[in-house]
Amino acid sequence: MKRIFFLILSIVSINIANAQAQQQPATGLKKMADDKKFKFTATAATFSPTVERAGASISSAGTPDNHFTLNAAYYTTVTPDSLVSYLPYYGKSKTVSDGGTGSVTSFEDDPHKNSVAAYDYEVKEKKNGSVVINIKPKGSSQITKYNFDLSPNGTAKLEAIIGNMIITYDGTYTAL
């Protein structure tokens, strides 16, 4: 009887410890978001192929579905007094002959550095522990809206509205 009691007590204790361990990162993530102290590092970008484009200079390789693996250090840093981003803007396309009867279209990127001192900021915590952050820069900015989705595992997605385009960046985040 004592063995069964201790077995049940052990199982309950382990379940409680696991639940607390899973809640801890989410709590830290929400605090980091509320404190406005994080850096998003972009590793890939995707945009809709039906949107108008403008830009220059090639620095990454795209796929037919307009998904680009980024080769440079692109980022967005959020602090209480500023929002700084250096992200590629896929605007211009270039079509060249493939040497046969067809052609190949490649999309070029034009990295833009934006910096604003004032912005509207909203944080929402999801049931799964991830955090959604919506930022709208005040004043003039090439990026008019940032929508972050930060997961407890360190991965993140940023949806940026640049002009008339929506570009989705995949990447990671770190606390500052």
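Me: Where is the place of Lys 36?

Reply: This is a predicted model. In it, Lys 36 lies in the loop between α1 (2-35) and β1 (38-47).

Me: What is the phi of Lys 36?

Reply: Start with the background: most residues other than glycine have a negative phi. Lys 36 is not a glycine, yet its phi is positive, about 55°.

Me: Is Lys 36 buried or partly exposed?

Reply: Buried means under 20% relative accessible area. Lys 36 has 22% relative accessibility, so it counts as partly exposed.

Me: How many aromatic pairs does the rule count?

Reply: The count comes to 6 aromatic pairs. One of them joins Tyr 75 and Tyr 86, with 6.2 Å centre to centre and 35° between the planes, a tilted pair. This pair links distant parts of the chain: Tyr 75 belongs to strand β3 (residues 67-79) and Tyr 86 to strand β4 (residues 82-97), 11 residues apart. Tyr 86 is partly exposed, at 28% relative accessibility.

Me: Why is the pair of Tyr 119 and Tyr 121 tilted?

Reply: Planes under 30 degrees apart count as stacked and over 60 as edge-to-face, with the rest tilted. The planes of Tyr 119 and Tyr 121 are at 55°, so the pair is tilted; the ring centres are 5.9 Å apart. Tyr 119 is buried, with a relative accessible area of 9%.

Me: Which residues form one aromatic cluster?

Reply: Phe 38, Phe 40, Tyr 146 and Phe 148 do.

Me: What sits over the ring of Tyr 75?

Reply: The charged end of Lys 39 does, 5.0 Å from the ring centre. Tyr 75 is also the partner of Tyr 86 in the tilted pair.

Conventions. Residues numbered from 1 in each chain as written. Predicted model: local features only at pLDDT ≥ 70, side-chain atom pairs only at ≥ 80, totals over all residues. Heavy atoms only, no water. Helix = DSSP H or I, 4+ residues; strand = E, 2+ residues; numbered from the N terminus. Buried < 20%, exposed > 50% of the residue type's maximum accessible area, 1.4 Å probe, protein only. Phe/Tyr/Trp six-rings, centres within 6.5 Å; stacked < 30°, edge-to-face > 60°. Lys NZ or Arg CZ within 6 Å of the ring centre and 35° of its normal.
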